[in-house]
Amino acid sequence: MFRFKLTEKRKEYLARLELDDSFAVLKHLPRTYTFYDLTPELNRYLDQQKVVIRGEVTRKTRLVTTPKRVQVFNFYIIYNEEEYKVVTYNRPYLAKSIGVGSEVMISGKYNHYKKEIILIDVVNKEVRNTSIKPIYHLCEGVKGHDFQKVVSLAYNDLLEHDELKEIIPSYLKEKYQLVSRKEAYYDAHFPTIKEKLHQAFRYLKYEELLVYSLKLQMLKN
């Protein structure tokens, strides 16, 4: 059972995923990650290629709907002292969430001759040279960013109730230079750099092997 409030939609998809408490949610680790590294320079050799840029939004247009019912919203971003137009299709929520003066990191298909990018993804609004996006096994219709909000609630719930205590003895953690259990689960779901992600999974794999080994010994005894 969950000790924090959930919307009916979240209750429904967590039930479908067979996740019935905070720790089950935390154990539902990403199946993979997408790594976004900034494209150093936009030039003609990258025409029609996927690029990643980061910068300040300088202006934006109104959301419009074409005769074919396609919703179009454009905004402009400064990158390496050049202004580029970012074109979005059927993402009306971006018209509200992206504001002039905000900094965003985006990926998209680059048109060198029009100086525009067809948006693929808004990576995040936190400015970094590299961003890592967790990809989960989820039910149809469930967005990864919404599931991450549930993960955050579950993580904080476990912290509040002191249920992320260390289970690996300190001498083994020191011997193998492992991070803490709290760090490992947090960085597996909310990685900021590749090294932290690597260390998180070193811990989690060791914990899994240790628990499995202890279970085998108990069964043997």
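Is E82 buried, partly exposed or exposed? E82 is partly exposed, as its relative accessible area is 36%. On this scale, buried means under 20% relative accessible area, exposed means over 50%, and partly exposed is what lies in between, with a 1.4 Å probe and protein chains only. The structure is a predicted model, so to speak a calculated one: local features need pLDDT of at least 70, side-chain atom pairs count only at pLDDT 80 or more, and totals for chains, interfaces and linings use all residues. Residues are numbered from 1 along each chain as its sequence is written, and side-chain values use heavy atoms, with hydrogens and water left out.Now for the salt bridges. A salt bridge here is a side-chain nitrogen of Lys or Arg within 4 Å of a carboxyl oxygen of Asp or Glu, and by this rule the count comes to twelve. In one of them, the side chain of E82 meets that of K115, with 2.7 Å from N to O. Helices (H or I, at least four residues) and strands (E, at least two) are DSSP runs, numbered from the N terminus. K115 is partly exposed, with a relative accessible area of 33%.

A second salt bridge joins the side chains of D121 and K133 at 2.8 Å, N to O. Again the link is between distant parts of the chain, with D121 in strand β7 and K133 in strand β8 (residues 130-135), twelve residues apart. What about their surroundings? D121 counts as buried because its relative accessibility is 13%, whereas K133 is partly exposed at 31%.

Strand β7, where D121 sits, covers residues 116-124. The side chain of D121 makes a polar contact with the side chain of Y36 at 3.0 Å. A polar contact is a pair of N or O atoms within 3.5 Å; within protein, one must be able to donate a hydrogen and the other to accept it, and residues adjacent in sequence count only if both atoms are side-chain atoms. Leaving aside residues up to four places away in sequence, D121 touches Y36, R91, M105, I106, S107 and K133, where contact means heavy atoms within 4.5 Å.

K173 is buried, with a relative accessible area of 16%, but E166 is partly exposed at 36%. There is also a network of salt bridges, which links R3, D157 and E163.

The strands come next. Strand β2 (residues 50-60) pairs with strand β6 (residues 103-111) in the antiparallel sense over seven bridges. Strand β2 also pairs with strand β4 (residues 71-79), again antiparallel, over four bridges. Two strands are said to pair if DSSP finds at least two bridges between them. E56 shows both pairings: its bridge partner in β6 is E103, and in β4 it stands opposite I78. In a regular strand the side chains alternate between the two faces of the sheet.

Which strand holds N74? N74 is in strand β4, and N74 counts as buried because its relative accessibility is 11%. The C-alpha atoms of N74 and K85 are separated by 6.9 Å, although the two residues are eleven residues apart along the chain. K85 is also among the residues that N74 touches, together with K60, T61, V86, V87 and T88, not counting residues up to four places away in sequence.

Then there are the aromatic rings. Rings of Phe, Tyr and Trp (its six-membered ring) pair if their centres lie within 6.5 Å; planes under 30 degrees apart count as stacked, over 60 as edge-to-face and the rest as tilted. A search of the whole structure turns up nine aromatic pairs. One of them is Y136 with F147: the ring centres are 4.9 Å apart and the planes stand at 65°, so this pair is edge-to-face. The pair bridges distant parts of the chain, with Y136 in the loop between β8 and α4 (144-160) and F147 in helix α4, eleven residues apart. Y136 and F147 are both buried. Elsewhere, Y155, Y186 and F190 form one aromatic cluster.

Last comes helix α7 (residues 194-220), with its 27 residues. The expected span of a helix is 1.5 Å times one less than its number of residues. For α7 this gives 39 Å, and the end C-alpha atoms are 39 Å apart, which agrees. The buried residues of α7 are L197, Q199, A200, Y203, L204, E207 and L210.
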